Amino acid sequence: MNGAPDTSFTFTVNGESRTARCAPLARLLDVLREDLRLTGSKEGCGEGECGACTVLVDGVAVNSCLVPVCQVDGAAVATVEGPGLEAVREAFLAEGGAQCGICTPGMIVMTKAWMDECERAGRAPTAEGARKALAGNLCRCTGYGKIIASAVAAARGESR
Amino acid sequence: MERTVGTDIRRPEGPDKVSGRAVFVADLATPGAWFGGTVRSDVPRGELLGVDLDPAFDWDRVRLAGPAEVPGANVVAMINEDMPVLAEREVRHVGQPLLLVAAPDAETLGAALAAARPRIAPLPAVLDMEDAPDVLHEILIEKGDAPSALARAARIIEGTYRTDTQEQMYIEPQGVIAWPPDASGCTVVRGSMQCPFYVHKSLVTMLGTRADAVRVIQVETGGGFGGKEDYPSVLACHAVLLARAAGVPVRMIYDRHEDLAVTPKRHPSRVRHRTSVADDGTLLAMDIDVLLDGGAYTTLSPVVLSRACIHAAGAYRCDHVRIRGRVVRTDHVPYGAFRGFGAPQVCFAVERQMDRIAGALALHPAELRRKNMLRVGDTTATGQRLETSVGSVEVMERVLARSRFDRHAWRSAGVAREPHDSQGARKRTGVGFSFFFHGAGFTGSGEELLKARVRVELDQGGRAVVETASTEFGQGTIAMFTALAADALGAAPEDIRIAAADTSRVPNSGPTVASRTCMVVGGCVMKACAELRARMSAASGDESGPFADRARAFLAGGGDGLAEVVYASPPGLVWDEEHYRGDAYPAYGWAADVAEVEVDLDTFEVRVTRFLSTVDVGKAIQPQLVEGQIEGGSLQAIGFAHLEVVTTEGGRFLQDRMATCIIPGTLDTPPIEVELVEVPFPHGPAGAKGVGELPMDGGAPAVASAIEDALGIHVDHIPATPERLLDAWLRAHPEEAL
Ligand code: FES
Ligand code: FES
């Protein structure tokens, strides 16, 4: 694909060790979606603008459409399909944070990253904080209000 | 009895959406599928002489399909049959499809597309709608005698208003997958779409085949907003041609660049108002001229113009109204459906005109609206007498009570607002207002002609399966139908299943557009369920116990578990299509918005800081979903007002990526405070009217009004970009020009 011969890359995805043979510059998003058939991460732009492809690499949220797979060799990748997101999913269901659902995987993963960050920093999760954390994730359906509410409810563990 | 209606059930499809399990078109596993792509025109107008295939590329690696491969008619069947699936000689817009290519992988496809070079002899293009000679459609609405009234008028207030195009920007780009004909000769298409039967119709026409030889299935659809109303028909025609040529399934899934470059967007508009008003602000006569740029082909333009004209006089009472509308053909990419369908453009114009009138008479904008707003018993521009479900007064008074806009000295009657400092920048704040309505359902006799059909069927497990062609793409169709069906059957939401929109399985309940899904199709769902319930209780006389048990017993006892309903319009509706007179819509949604803004006096950047919307939807079947619709629609309207810039040059859209084709993100979004008012519509399901499009109409004029309040300059052209505002500011303050 990118000139270089296919290479083996091993990393964990949602806690399981996976190996992909592909070009070193293959996009992580394509490797997840095509090679590993984890299609939860979405492509809205392919250029780092929409956040629909957000995944965690060693706990850090990245746009997987911009990350070449060679950069995650040996790393821990977490996607929307993974464990540990139950509270976030529940909050998005309860608060109406998902409409068409195409931005939702990215929103959920980014919310998780924000919650972890709040916890690490000992910061109380606020709507303003969620608004900033989700600034790189576009949604065309919701007007964001219910997404912010979902994120805050998840972080405070208080979804109805 | 309402048990589920009016409460918030969870979206039945929600768990799949929040876990990554929901299958969108790009997620479908299609082993052996090839990739489809399109060779396009790079000029707006010309004569196609041929497509040169570079001999350096090995063309045996790919399959091609050109116009000669179209088995039936080379048209995308919509309203008119003027748009070819693939251009033959005449090229009418940039990006026009000329030749299709399928390849076993994306890389080969890219190489093939780069090696195919169209030869087009360019011709002069028509790119300015003002001097476009070709009229695609015209409409004239006349009430009373506006020309005479204006000729006698003591005071005429004039204004010209413009709106640019707007991109739907569903986050999932367009895509379909087509399979070659199966053993029985049936062609199957799955894809992201709003209207499977539109796609079906266009494929039947292009293939020249029988209706049952085409099957179209909607898969999870990542937003539409009108943008997936007509274009999936084009895409499906292309993918089907390639699947036939290649003999394997073909995936045609656009990337964002291609989607932005070639799919239809909102019609640009120019609307002129001439209004005669009495000293006290009473509207005496309105003369309105609506011009829309239709782009290269008819597509949906006549219907967009229709909705535009009917809404052009706004939600106001006036005895003498003349509305002339034209949509013209240019050599732009065809414009199409976007939430609101012509109404946001004309609502912007009429609301700005009302503010202009208020300014001229030194009346408060809220007072001017109060004086002229349509109320029960009044007649609209088409002469429709409003009898019922008119929430005009409620929405206006409630939003004023919440915002206190009527106490706000709008434009300070000529007194400039003091700039204030905020983090070192000179800023001014302003507040604006809009009042509007939106007709629910198809215009005029549209529903009568369509005759939507809906089926509800008890399955062996005792669940009621609701079969419609209405699609879910975020609005909440599934949850809304579930709630209506549950209540009408005396069942729980768990007893209801909503069938996939598959043209081979469901009856044609019509397209998922025009705010008609709840009011029209939802009403049919309730009727079918009520019929089943009546049969069940006639058979057993007992409504206790779980629904599934009763349904199974009913079927076991030989009961007929299938009910089909055809839509019947509310009695007494009369529509004269020729003269555009009469009952344009069965019901209207009503709303009023207030926007607060802050404008930076150095950069002229606008920030919307607060947004309030009070909306009469008749009945909120699922309040949380309705709020979600209003919040999302309002934000699209805010973007339309000041942020979302789409410009063309030489017939090409300049914004070709998300980085430049901006939509609001969380930091551009104010708190949106929605209040629902319920003035029930007796013929709607549980009193409901439409909500989908309404919130798109009022946001832009409210924001423009707020900018005008802040700066004291007219905002007549949106988006109100910093460049446009600076221009207007310098015209008003020549002393500041450098
Ligand atoms: S697809 Fe990666 S940011 Fe849009
Ligand atoms: S829910 Fe549709 S884009 Fe966010």
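How many salt bridges are there between chain B and chain A?

1. The count is 7 salt bridges between chain B and chain A, where a salt bridge is a side-chain nitrogen of Lys or Arg within 4 Å of a carboxyl oxygen of Asp or Glu. One pairs B:Glu644 with A:Arg140, whose closest N and O atoms are 2.7 Å apart.

2. This is a predicted model, in which local features need pLDDT of at least 70 and side-chain atom pairs count only at pLDDT 80 or more, while totals for chains, interfaces and linings use all residues. Residues are numbered from 1 along each chain as its sequence is written, chains are lettered from A and ligands numbered from 1 in the order written, and side-chain values use heavy atoms, without hydrogens and water.

3. In chain B, 52 residues are in contact (heavy atoms within 4.5 Å) with 45 residues of chain A. The two chains bury about 3700 Å² between them, 55% of it on carbon and sulfur atoms; buried area is the accessible area (1.4 Å probe) lost on putting two parts together, summed over both. B:Arg10, B:Val18 and B:Thr666 supply 20% of the area that chain B buries against chain A, more than any other three residues.

4. In chain B, 6 strands form an open sheet of mixed pairing, ordered β7-β15-β14-β13-β8-β29. Strands are DSSP runs (E, at least two residues), numbered from the N terminus, and two of them pair if DSSP finds at least two bridges between them. β7 (135-143) and β29 (717-718) of chain B each have a single partner strand, so one side of each lacks a neighbour in the sheet.

5. β29(B) pairs with β8 (156-163) of chain B in the parallel sense, over 2 bridges. B:Thr163 stands opposite B:Ile718 in β29(B).

Methods. Helices (H or I, at least four residues) and strands (E, at least two) are DSSP runs, numbered from the N terminus.
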